Number of protein chains: 2
Amino acid sequence: MARAIQQRTLQTRAKLVEAAKAVIAEDGYEAMRVEEVVLRAGVAKGTFFAHFKDKDALMDLLIGAEIDRHLDQLEAQPAPETISDMAAAMMPLVAFMSCERYVFDVILRHSGAAANAEIGPIAMTFGRHTDITANWLKNKPFRKDLSAELQAEGVQAFVVQAISLVFCALHNAVDPQDRMETYLQAWLLPQT
Amino acid sequence: MARAIQQRTLQTRAKLVEAAKAVIAEDGYEAMRVEEVVLRAGVAKGTFFAHFKDKDALMDLLIGAEIDRHLDQLEAQPAPETISDMAAAMMPLVAFMSCERYVFDVILRHSGAAANAEIGPIAMTFGRHTDITANWLKNKPFRKDLSAELQAEGVQAFVVQAISLVFCALHNAVDPQDRMETYLQAWLLPQT
DNA sequence: TTTATAAATTGACCGCGGTCAATAATGGAG
DNA sequence: CTCCATTATTGACCGCGGTCAATTTATAAA
């Protein structure tokens with residue numbers, strides 16, 4: 001039978017997470033090295049991998065938590081009434097997701113759950129974001145020919161597209177918020 | 001002053017590319033190891049990096065070439081008349097882009113040019129794909145409130161979204177082609 | 001042909017993520 | 001308290017991408 005989790009385990013894990021946060025605060029996500037984290041946490045390298053499947057798993061956790069913070073903000077706000085408000089509301093999240101090329105790459109890698117049983121923190125946030133967006137869209141005068149879920153899926157696709165273009169030298173002249181507004185206008189308020 | 005490129009250089013490069021293709025044909029993209037490639041090509045490891053900035057650069061080349069082959073097919077076909085035809089026409093490309101999780105990750109990483117001066121093969125294919133799609137949409141009875149370019153950008157966003165969901169255990173029950181049709185219908189033929 | 005210079009190649013070496021058999025700490029049963 | 005099965009920790013080791021000073025090879029000029 002399964003034993004209770006030891007105190008030690010929780011402490012070590014907390015030390016690792018704290019150390020990682022410190023490194024990231026100083027030098028950014030991309031600069032994080034497992035060796036630096038274990039050095040600061042005062043544990044052996046192997047211990048890291050006893051707590052996290054791999055480096056990406058810790059990134060998933062930390063970045064996922066940050067995204068969740070932004071989603072909390074979104075949920076605390078009233079549903080936006082206009083396309084412009086909607087784009088504006090999403091900008092803090094977009095800004096975080098595009099704070100580093102590396103961060104965006106991690107997010108894309110983890111945005112889908114590899115298996116039903118192992119939905120990671122970031123994959124969870126994508127589900128949450130869809131739900132929040134779908135709730136915004138209900139009872140609003142946007143697309144009536146599409147389910148709120150499908151509309152929300154499209155919004156997510158355009159968020160990813162807008163961030164992708166932030167990192168593209170050929171297209172990053174346009175302000176991300178303007179681009180989001182253009183996309184949302186076209187997607188949610190077609191002028192047929 | 002710059003000297004002409006040596007024969008030797010082209011030969012070595014060709015040997016490396018051939019060796020890489022062979023490895024990939026046998027074991028797939030993800031399994032490709034630089035050490036295995038240089039072993040088969042009969043050159044030293046350092047030589048590889050004299051020809052390619054890093055492993056990703058060779059991947060960019062090989063995967064970009066493969067995507068170009070699919071785009072050649074698309075260009076050779078007449079413009080699709082219906083949403084259904086359009087989705088069907090894009091499926092071979094979608095299938096290749098989702099043949100391996102690793103391949104899709106490489107594509108996403110390289111889909112935007114990091115700098116204007118260094119547009120890689122994959123970034124080029126994204127531009128080409130937009131152009132081809134925009135040409136399809138011109139003189140067709142789809143969205144008249146949007147430029148063909150914006151419509152094409154949206155199509156690209158939905159292609160990426162559809163492939164992402166192929167790799168997501170939570171959503172991969174739906175057939176990719178059906179999903180593409182749903183997206184394209186919603187994007188290009190809104191029923192307001 | 002000889003020589004000078006640029007270009008291509010080499011392989012020992014490094015950084016860093018990840019593994020695993022050995023060891024130590026923990027906590028419940030007797 | 002003692003014993004011991006379970007769990008946590010350790011650090012030497014490996015795989016593999018990437019670097020660079022040294023060496024070899026090609027080519028234009030004399």
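Student: Why does A:Asp105 count as buried?
Tutor: Buried means under 20% relative accessible area, exposed means over 50%, and partly exposed is in between (1.4 Å probe, protein chains only). A:Asp105 has a relative accessibility of 12%, so it counts as buried. Before we go on, a word on the ground rules. This is a predicted model, in which local features need pLDDT of at least 70 and side-chain atom pairs count only at pLDDT 80 or more, while totals for chains, interfaces and linings use all residues. Residues are numbered from 1 along each chain as its sequence is written, chains are lettered from A and ligands numbered from 1 in the order in which they are written, and side-chain values use heavy atoms, leaving out hydrogens and water.

Student: What makes A:Asp105 and A:Arg101 a salt bridge?
Tutor: The term asks for a side-chain nitrogen of Lys or Arg within 4 Å of a carboxyl oxygen of Asp or Glu. For A:Asp105 and A:Arg101 the closest N and O atoms are 2.9 Å apart, so the pair meets the rule. Side chains of opposite charge can pair when their charged atoms come close. Both residues sit in helix α6 (residues 101–110) of chain A, four residues apart, which is about one turn of the helix. Helices here are DSSP runs (H or I, at least four residues), as strands are (E, at least two), numbered from the N terminus. A:Arg101 itself counts as partly exposed, because its relative accessibility is 25%.

Student: What does the salt bridge between A:Arg40 and A:Glu26 tie together?
Tutor: Here the N to O distance is 2.9 Å. A:Arg40 belongs to helix α2 (residues 34–41) of chain A and A:Glu26 to helix α1 (residues 7–27) of chain A, so the pair ties together parts 14 residues apart in sequence. With 36% relative accessibility, A:Arg40 is partly exposed.

Student: How do you know that B:Arg69 and B:Glu66 form a salt bridge?
Tutor: Their side chains meet at 2.4 Å, N to O. They are three residues apart in helix α4 (residues 55–76) of chain B, about one turn of the helix. B:Arg69, at 49%, counts as partly exposed, and B:Glu66, at 24%, is partly exposed too. Over all chains the rule gives 24 salt bridges. A network of salt bridges also links A:Asp68, A:Asp72, A:Glu75 and A:Arg128.

Student: What is the buried area between the two chains?
Tutor: Buried area is the accessible area (1.4 Å probe) that two parts lose on being put together, summed over both. For chain B and chain A that comes to about 2,700 Å², with carbon and sulfur atoms giving 60%. The contact (heavy atoms within 4.5 Å) takes 33 residues from chain B and 33 residues from chain A.

Student: Why is B:Leu165 called buried?
Tutor: Its relative accessible area is 10%, so B:Leu165 falls under the cut-off. B:Leu165 is in helix α8 of chain B. Neighbours within four places in sequence aside, B:Leu165 is in contact with A:Glu153, B:His171, B:Asn172, B:Arg179 and B:Tyr183.

Student: And what makes A:Asn139 exposed?
Tutor: A:Asn139 has a relative accessible area of 79%, so it passes the cut-off for exposed. A:Asn139 lies in the loop between α7 (121–137) and α8 (148–166) of chain A. Its phi is near 60°, a positive value in a residue other than glycine.
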